Amino acid sequence: MSTNIPEELLYTKSHEWVRDNKDGTATIGITDHAQELLGDVVYVELPEDGSVFGAEDPAGVIESVKAASDFYSPLGGEVIAVNEQLDDEPELINSEPYGDGWVVTLKLENIDDLKELMDANTYINEIAES
Amino acid sequence: MSNTTPQHTPLYEQHLKAGGKMVDFAGWEMPINYGSQVKEHNQVRTDAGMFDVSHMVVVDFTGQDCKAFLQRLLANDVDKLKQQGKALYSCMLNEDAGIIDDLIVYYLADDFYRMVINAATRENDLAWINKQAAHFDLHINERDDLAMIAAQGPNAREKLLATLDDASATQVSALKPFFGVQIDTIFYARTGYTGEDGFEIVLPNEAVAALWNTLLAAGIEPTGLGARDTLRLEAGMSLYGTDMDTTTSPLVSALKWTVVLEPKERNFLGRSALEAEIKAKPTTKMVGLVLEGKGILRGHQIVVTKSGKGEITSGSYSPTLGVAIALARVPVDTGDHCHVEIRNKQIVARVLKPPFVRKGKSCL
């Protein structure tokens, strides 16, 4: 099975992806590799609009038939949008992890924090090692 | 596990070929799923799926004291088994009425019974059985030469029968639920662990890969241990080591129906402790829960009732019902609703008597 890791995104060790929206906000989800490890996603506990997180704070929970897994905010910031479609269709995380399966959009506390994240190549090496 | 080298069943290559995601299960490397647990679950509920259960342990008892021995060993009474091939579900108890294992025993002849026990409890079970058998005239034979496939689902019976020669098909199609028959080297039993119709098929290790391939060609899809767990949970069937163990008796495990106390002369192992527990009245019971709010029920979550706290023993998302369900041990006078603590929130759940799903239909 080949794992999809889009070039244009940034990544974390805990398998979140981050899309820099170039306007001080970033959209976040979990990677194809992460959804494969989790198996069928059946429930997503989303953060509330307006919640404020620090980098690496737990921001939600993604539950598959197998287990519950924390979703970490890769960056500090305020939640300005959550993907409410996941309430009814949590399986979007499996079928479209980088598209309709996105989880939250944050208004970043500091856009320079994006530089701390991994690029696609580094993430590929990271998961190859684990 | 002291032994770190995982064991493989004779179907290991078939699992890899089918894309099985292999995980450790009681020292065996087994498929948790072949891509999607939910898809495999639904396949069994609506059509037909098969599981490799070769890691389970087949034990044959032969000799003139078989019946007397099993009447001593088991809390259910093999005297109920009058017809050849009939199966019985039972607990095997210790002297304190704690459950050592749950099992199925088949009556094949007056001097021949077959038992199927769990893989995880193998060593402990066999040590206990052999110890208790010391003064009985019988042979105990662990059949490591045998493998087992469970073919389950509303179409499993028809699909399996279509693969058999006429003579075998006639005998196998005549099997009523909870009966088995030996035909040459293959034992077919109309039993299972999913709440669906189907068969468990026991056959020599060297023949099992060919049967797997035949069933696959007949449209019976590989199904992993993950789906096996959600299927049995929906069917309200307990899992040894999770819902019950040596610290719980059948009385607090919703298994009182498997305990036979008459005749009083039958002095089965655990009987006096069980009678004392009945007299003292158990303070807990096993129930089913359906979550009414959002979230997923999981093992070890705390159940809050007006009469005190309880605990979920196994919980998951029910693919058939689209809600979270669980088995839980709760105070004996728990009403029809309770709360479950999920990540510091209390969520309402309905209390009911399992099963949740039977033969593809919701029981809610």
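The text below takes the contact between the chains, then the hairpin.

This is a predicted model, in which local features need pLDDT of at least 70, side-chain atom pairs count only at pLDDT 80 or more, and totals for chains, interfaces and linings use all residues. Residues are numbered from 1 along each chain as its sequence is written, chains are lettered from A in the order in which they are written, and side-chain values use heavy atoms, leaving out hydrogens and water.

| Item | Value |
|---|---|
| Residues in the contact | 13 from chain B and 13 from chain A |
| Area buried between chain B and chain A | about 1,200 Å² |
| Salt bridges between chain B and chain A | four |
| Residue pairs in polar contact, chain B and chain A | twelve (both at pLDDT 80 or more) |

Contact means heavy atoms within 4.5 Å. Buried area is the accessible area (1.4 Å probe) that two parts lose on being put together, summed over both. Of the area buried here, 48% is on carbon and sulfur atoms. In chain B, the most area is lost to chain A by B:Lys294, B:Arg298 and B:Arg343, together 40% of what that side buries.

A salt bridge puts a side-chain nitrogen of Lys or Arg within 4 Å of a carboxyl oxygen of Asp or Glu. B:Arg343 forms one with A:Glu45, with the closest N and O atoms 3.0 Å apart. A polar contact is a pair of N or O atoms within 3.5 Å; within protein, one must be able to donate a hydrogen and the other to accept it, and residues adjacent in sequence count only if both atoms are side-chain atoms.

**Hairpin in chain B**

Strands are DSSP runs (E, at least two residues), numbered from the N terminus, and two of them pair if DSSP finds at least two bridges between them. In chain B, β1 (residues 21-25) and β2 (residues 28-33) pair in the antiparallel sense over five bridges. B:Val23 has B:Met30 in β2(B) as its bridge partner. Two residues lie between β1(B) and β2(B) in this hairpin, and B:Ala26 in the turn has a positive phi of about 50°.

Notes:
Helices (H or I, at least four residues) and strands (E, at least two) are DSSP runs, numbered from the N terminus.
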